[in-house]
Amino acid sequence: MTALEKRAAVDTKQLLLESESGLKVCAPMVRFSKLPFRILVRKYGCDVTYTSMIMADSFRNSASKRAIEYVTCREEPTPVITQFAANNVDDFIGASQLVVGYCDGVDLNCGCPQRWAMQEGYGASLLYSPQKIFEIVRQFRNQVVHEESFTMSVKLRLLASLPETVDLYRQIESTGVSFIGVHARTHQMRNEPADHDQLREICQSLKVPIVANGDCFNLKDFERIRNSTGAQGVMSARGLLENPALFAGYEQTPLCCVEDFLSLSLKYGFNFVSFKKLFYWMIERNCSKSERLNIISCSSMAQFVDYFRDNFNCEFAIS
């Protein structure tokens with residue numbers, strides 16, 4: 001974690017309730033939702049960002065892990081939600097206590113469908129052990145000293161049937177969560193369309209704000225999902241990886257956004273392998289095949305800078 005003075009939390013729940021047009025949210029994405037990317041999407045129309053999913057046990061117990069996994073700065077726009085993966089109360093509480101005052105809320109990941117997560121009791125496996133979710137939320141409220149504006153949320157997936165899903169969500173709502181993020185797919189679904197019909201029923205069945213997740217790839221998708229479901233916010237993941245400026249109305253990543261990403265990554269640091277993947281996705285639809293090959297052949301940040309200076313007449317000021 002970076003050494004910063006503690007600050008007051010921005011109340012994301014209140015923002016969701018007060019927004020007439022709905023909040024635009026950047027989803028938690030492993031390896032990619034790092035400080036440079038969070039600042040980038042905020043510059044291009046995003047209202048709320050999440051950190052990458054962080055393993056609560058290692059974060060709680062290792063200062064070196066905290067230094068790697070949780071980087072912020074005074075210039076980072078708020079609100080920022082820190083998402084933890086946890087399979088027990090103690091790890092989630094211990095990790096949450098370390099970030100209170102440095103972000104605007106914590107979120108429990110109950111949606112990761114990866115095999116390792118399901119086998120070890122993390123992510124979407126918690127949907128089938130709901131008592132763990134209930135206890136984590138209740139104990140957060142009881143044990144973690146925080147401002148009223150500091151939120152505690154959960155990010156969920158759908159169960160096999162709508163009645164099962166609504167029943168679980170109502171029970172989670174009763175524990176005192178601030179809001180709920182809903183990836184409108186079951187944990188078995190991958191590329192199938194998100195089920196926005198079920199999401200609409202969920203929004204109508206609950207009182208807490210809902211942030212919709214699934215199939216938001218442009219600003220028209222945001223408006224369609226918001227209007228068809230009644231969700232107070234709409235979250236994008238893959239769409240923002242390919243086009244971090246989508247919430248600003250761009251159909252594909254503009255060159256100015258690519259320049260900003262490179263400058264922010266140089267200023268704040270970004271794992272080079274993750275940076276390269278993300279950079280390629282951003283420019284894939286904008287460049288010729290030969291340009292893409294030249295870009296992916298760059299083996300260091302310095303080569304990226306030189307290539308763009310020479311071929312796109314871009315200058316990168318690093319402060």
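Good morning. I begin with Phe304, which is buried at a relative accessible area of 1%; buried means under 20%, exposed over 50%, and partly exposed in between, with a 1.4 Å probe and protein chains only. The model is a predicted one, in which local features need pLDDT of at least 70, side-chain atom pairs count only at pLDDT 80 or more, and totals for chains, interfaces and linings use all residues. Residues are numbered from 1 along each chain as its sequence is written, and side-chain values use heavy atoms, with hydrogens and water left out.

Which residue forms an aromatic pair with Phe304? The partner is Phe272, at 5.9 Å centre to centre and with 70° between the planes, an edge-to-face arrangement. Rings of Phe, Tyr and Trp (its six-membered ring) pair if their centres lie within 6.5 Å; planes under 30 degrees apart count as stacked, over 60 as edge-to-face and the rest as tilted. Phe272 belongs to helix H13 (residues 272-283) and Phe304 to helix H15 (residues 301-312), so this pair ties together parts that are 32 residues apart in sequence. Helices (H or I, at least four residues) are DSSP runs, numbered from the N terminus. Phe272 is partly exposed, with 25% relative accessibility.

Both residues belong to a cluster linked by ring pairs, whose members are Phe261, Phe270, Phe272, Phe275, Phe279, Phe304, Tyr307 and Phe308.

Across the whole structure, the search finds 19 aromatic pairs. In another of them, Trp116 and Tyr122 have ring centres 6.0 Å apart and planes at 50°, so that pair is tilted. Trp116 is partly exposed at 31% relative accessibility, whereas Tyr122 is buried at 7%.

Finally, of the 319 residues of the protein, 55% count as buried. Thank you.

Note on methods: Helix = DSSP H or I, 4+ residues; strand = E, 2+ residues; numbered from the N terminus.
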